[in-house]
Amino acid sequence: MITLRALTKRFGTATVVDGLTVDIGPGQVTGFLGPNGAGKSTTMRMVLGLDRPTAGSALVNGRPYRELRHPLHEVGALLDATGIHPTRSGRSHLRAMARSNGIPAGRVAEVLDLVGLDGRAADKPGRALSLGMGQRLGIAGALLGDPPVLLLDEPVNGLDPDGVRWIRRLTRTLADEGRTVLLSSHLMSEMQQTADRVIVLGKGRLVADAPLAELIAAGPAASVRVRGPEPAGLAALGARLTAERATVTAYDTDGLTVTGASAGRVGDLAYELGVRLHELTPVAASLEEAFLELTADSVEYAAGPAGNEAR
Amino acid sequence: MTTLPTVPPTTRPVSRTAPTTGPFAGAVAAEWTKLWSVRSTWWTLLAAALTMAATAAQLAIYAVNANTDDDPTVNPGILPVGDIVTGSLELTQYVVLALGLFAVTSEYATGTIRTTLRCTPSRGRVLLAKAVVVGVVTFLVGLLLGGVGAAVARPVLGEWGRAPLGGTLGDVAASAAYLALVGVLALGLAAALRGAVLTLTVLFALLMIVPLSLQEPGITVLTRIADGFPGVAGSHFLTGDTEPYPAAAGLLLLASWAVAALLLGRYALGRRDA
């Protein structure tokens, strides 16, 4: 259980986290979303006692992190920049962590095995580790103390598709075991497949905190994209769809976006009216669309026209 | 490249165990593991041994030359080998104090400080654990270096040297104590300043440049101020002076500098975001 109460962090005049109050509970994967600079990493660092809050509190299982005597037994974390000394092996890195918290040496081999780092990879010096291996070493460190709370900052960074799937299953398993899992990612599709609940930050403030399904439902609805070579025919199709209470908007110069009617219905009507179509695409509601709508006002670095088009 | 386990991950360890050590003992064990698992430690030890051997040999040659030249007034006579050992520290200490320096600066340079503070969130506990490890290691290294220095100096001195067992062992132990305190001083300053270059610059200033400049004009007041600096206090302790204060006071003064540096480092660690 992670409890944030009016959590605030200022660096000089910039407020990076602004009065954040939220509870992150056990048994589910909580996604932590927000544009760059929204304060996700700073929030995680305050939970871990690395950054000192300017005001408010961040508690883990009811206590500030800095007061924990054996923190690795209570909280495991993978931070964005997983630091390992360039000449220290991954195994020694984990061994030092284990010793600091009274974790038996055998557990090091166990977690290395768990994240799929074999003996040769584990004995490589830090500078010889690929980004993906470094991520796995970081996850091994997070699991070392078998903690009930896990914070993973961008865990799929640098992982190949296999690794990404593996993380997805791992976080699922961890949550199903009743642990609290807080996962940040900028990959919306990844989050949509992994998270049960989503917390969205914008400019350091809480923008949304809801079950994933609810958030997606609240965003732009599922729609159908239609394109055809005959403007007159499309107009007729649009009129007919509007009569059926669907919402029709123009899409580029030769297309329509239809919400409130299925792709099948649109196709049937086009056939009935004899309108030629070149495209008929159902567009599912997605977390990405919902997210973009939610954070439209709070992006730190607004994208130019090209960025808007990409949406 | 490695392969991922094909079975679905299960994170349950075979047997869940309670912490086997207290947090301070754990922090000390972790610092010990970290110190010996990086290459720079071994290079530092090698460099320290070579520096000690070379400096001891050089000082011994000077002593022999001074005894064999024509001017009897500067003739140092027969020297105890321990004097060569303690004299060699003036240079060797800068290599040994790297152990204290790196214990902090390398953590900031590589980002491992965040892992360290996640494992041991109490800043005081982390710093004290580092101080214990650095202190013990530099003391033991000091004993070893004393042995190296004596072993090199004795044959070079030849008829102009003597090595009474008790006196030599005393000088070697004193050298080890001096190096341990300077190592902890470097550690505390590094925790306060974070960067290796800045810390080393401040250490040079404290141990050598400032007191040397104060002593240079030969003005009593300035010389007395210089006597308060850690390096000068340490050398009064090493040479067994009775003036301007007893040798034990020199040791105490140097220890106070080390403790003050640790307190400063503790204060900075507590305030700083990692």
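Predicted model: local features only at pLDDT ≥ 70, side-chain atom pairs only at ≥ 80, totals over all residues.
Among contacts in chain A between residues at least 6 apart in sequence, what percentage join residues at least 24 apart? The figure is 72%, where a contact means that two C-beta atoms, placed from the backbone, lie within 7 Å. Residues are numbered from 1 along each chain as its sequence is written, and chains are lettered from A and ligands numbered from 1 in the order in which they are written.

Chain A has 12 helices and 13 strands, these being DSSP runs numbered from the N terminus, H or I of at least four residues for helices and E of at least two for strands. Of its 311 residues, 46% are buried, that is, with 20 or more other C-beta atoms within 10 Å of their own, C-beta atoms being placed from the backbone.

Let me turn to helix 5 of chain A, residues 131–143, where 10 of the 13 residues are buried, including Met133(A) and Leu143(A). Those buried residues pack against strand 5, helix 2, helix 3, helix 4 and strand 6 of chain A.

Finally, the sheet: four strands of chain A form an open, antiparallel arrangement in the order 11-12-10-13, with pairing requiring at least two DSSP bridges. Strands 11 and 13 of chain A each have a single partner strand, so one side of each is left without a neighbour in the sheet. Strands 10 and 12 of chain A pair over five bridges, and Ser223(A) stands opposite Thr259(A).

Technical notes: Buried ≥ 20, exposed ≤ 12 C-beta atoms within 10 Å, placed from the backbone.
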